[in-house]
Amino acid sequence: ATLAGCGLDPSPGQTAELLTSAVPLPEPFQVPLPIPPVKRPVRSDAKTDYYRVVQRKASLEILPGLKTEVLGYDGLLPGPTFDVRSGRTSVVEQVNQLDVPTVVHLHGGHTPASSDGWPLDLLMPDGQHHDHAGHHGMTGGDVKTGSRSYTFPNTQRAATLWYHDHRMDYTAPQVYRGLFGLHLIRDAEEDALPLPAGDREVPLVLADRSFNEDGSFRYPALKDGPGVESRYMEGVIGDVQLVNGAPWPVLEVDAARYRFRILNAANARRYELALDGPARFVQIGSDGGLLGAPVEHETLVVAPAERFDVVVDFSQYTVGTQVTLTNKLGTGRATQVMRFVVARKAVDDSNVPAKLSSYAALPEPAGLVRRKWRFRRGQAGEHRGWTINGKPFDPEVMQATVKLDQYELWSFVTDVHHPVHVHLAPFQVLRRGGGPPGPYDAGWKDTVDVRPAEVVDVLVRFTTHKGKYLIHCHNLEHEDMAMMAAFATV
Ligand code: C2O
Ligand code: CU
């Protein structure tokens, strides 16, 4: 499944295929880092904030001098950031003014099944009929036309979540074209900490893209509809690095501590982030919010969909220093991500306390329910894409039935790299490759980077919401090529 003009990325960290842009790439570190706008509610009552988002096409200048058509929440790439309080419900009315069906999923949300973005619960554009909804004659989804309201209870601790498209068979191209954004939850425990805040709390949403000559996004055409032949089997990676939607941007910083909420929103690219000079990444949080105690990293490996909440101290640099954020797993221009310029001395009363939160490890009680989830390429005689436990995604088949409140030990087993994501409840990594958890496994996770031929054991406990949920690979091309399974909570 390769197109002309595309080569393999020889980088050892990638199994995906690199799409080369047909336009000259801009000089790096010219564009200021944009910050996605915070979404304002249209109204609020005692317990709930009501929002309205319009999914629409927009023509954005992502590369200087070129226009790129995006599919954007409110026409933006990334979409607006939701910034909400733990315990306050968000009701988000999504309006589809695109020409394709969509599905919205809040990644990391403890969401009732009816709002979790089941891949067949389509939101059809106005003026299209329901019979356009199904593929292979599949039915069973709760299909709506024009608009639909999603309810996110936000009854969970402070964390960096994100929302993105989850349409069956089409998640990868629709996210690639722009349907993703941040959803931050805050709470009192986090507020009480003296972490960098205000202008010194900055989201860094990483995504790679490639561009055609006319400025449009370069992505393999889906001529034949869903199916192996029309897809990039391994996953799509681009040669242009975007941060918050801008190519290789630059951010002027004070010589002070900054909190960066890093999200890997790329379809298939893994990063190993590094900073020039003495600074380290002091990790304070993971997918599911604050760690118990900070963890220092020289480099940060971030698989698709993972979030790392880190503090970087720029007071270690003299004013005027340029600090480049690089990706050690990239090749060519993809080794660069963005740049910080230490612009001025400044007062800094922030701090990273030795105890961050009341995080507690889950117990491993006797009689734990054990399940094995085997992520691998479809074998001869099976499905020709990717499979879980030998099966391609089938919305009619529950691969597991999980009792609420029960402690379970799930083992993820892989052939090649797969970032494994579980909906509804976060988990804790217990073992990696037979040994202790890795350096990037701390805290509550909802996505874990499972490396080739590895077994990762996690402890999970679902405590809320009965219904149908998903486990899948978050390499979005793998997901679309059926590396997804449904389970029921009862
Ligand atoms: Cu981020 Cu099921 O997805
Ligand atoms: Cu995968």
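Predicted model: local features only at pLDDT ≥ 70, side-chain atom pairs only at ≥ 80, totals over all residues.

**A close look around one histidine and beyond**

Guide: Let's start at His-164, which touches Tyr-73, Val-103, Val-104, His-105, His-107, Val-175, Leu-179, Phe-180 and His-474, leaving aside residues up to four places away in sequence. You'll find His-164 in strand S12, which covers residues 159-165. Is His-164 buried or exposed? His-164 is buried, as its relative accessible area is 0%, and the cut-off for calling a residue buried is under 20%.

Which residues hold it? The copper ion is coordinated by His-418 through ND1, Cys-473 through SG and His-478 through ND1, at 2.0 Å. Written as a sequence pattern, the spacing of these donor residues is H-x54-C-x4-H. His-418 sits in strand S31 (residues 418-422) while His-478 sits in helix H3 (residues 476-480), so this pair ties together parts that are 60 residues apart in sequence. Are those two histidines buried or exposed? His-418 is buried, with 0% relative accessible area, and His-478 is buried too, with a value of 0%.

Let's zoom out to see where these residues belong. How do domain 2 and domain 3 meet? The size of an interface is often given as the accessible area lost when the parts come together. Here, about 2,200 Å² is buried between domain 2 and domain 3, and carbon and sulfur atoms give 50% of that.

What about charges and polar groups across that interface? The rule finds five salt bridges between domain 2 and domain 3. For an example of a salt bridge, take Glu-234 and Arg-377, whose closest N and O atoms are 3.0 Å apart. There are also 19 residue pairs in polar contact between domain 2 and domain 3, counting pairs with both residues at pLDDT 80 or more.

Most residues other than glycine have a negative phi, and most peptide bonds are trans. With that in mind, look at Leu-77 and Pro-78, which are joined by a cis peptide bond with omega about -10°. Pro-78 is in the loop between strand S5 (68-73) and strand S6 (82-85). Then there is Asn-244, with a positive phi near 50°, in the loop between strand S16 (240-243) and strand S17 (246-247). Asn-244 counts as buried, at 3% relative accessibility. Asn-389 also has a positive phi, near 50°, and is found in the loop between strand S28 (386-388) and strand S29 (398-402). Asn-389 counts as partly exposed, at 30% relative accessibility.

Note on methods:
Residues numbered from 1 in each chain as written. Chains lettered and ligands numbered in written order. Heavy atoms only, no water. Donors = N, O, S within 2.8 Å, 3.2 Å for Na, K, Ca; no water. Helix = DSSP H or I, 4+ residues; strand = E, 2+ residues; numbered from the N terminus. Buried < 20%, exposed > 50% of the residue type's maximum accessible area, 1.4 Å probe, protein only. Buried area = accessible area lost by both parts, 1.4 Å probe. Salt bridge = Lys/Arg side-chain N within 4 Å of Asp/Glu carboxyl O. Polar contact = N/O pair within 3.5 Å; in protein donor to acceptor, adjacent residues only side chain to side chain. Contact = heavy atoms within 4.5 Å.
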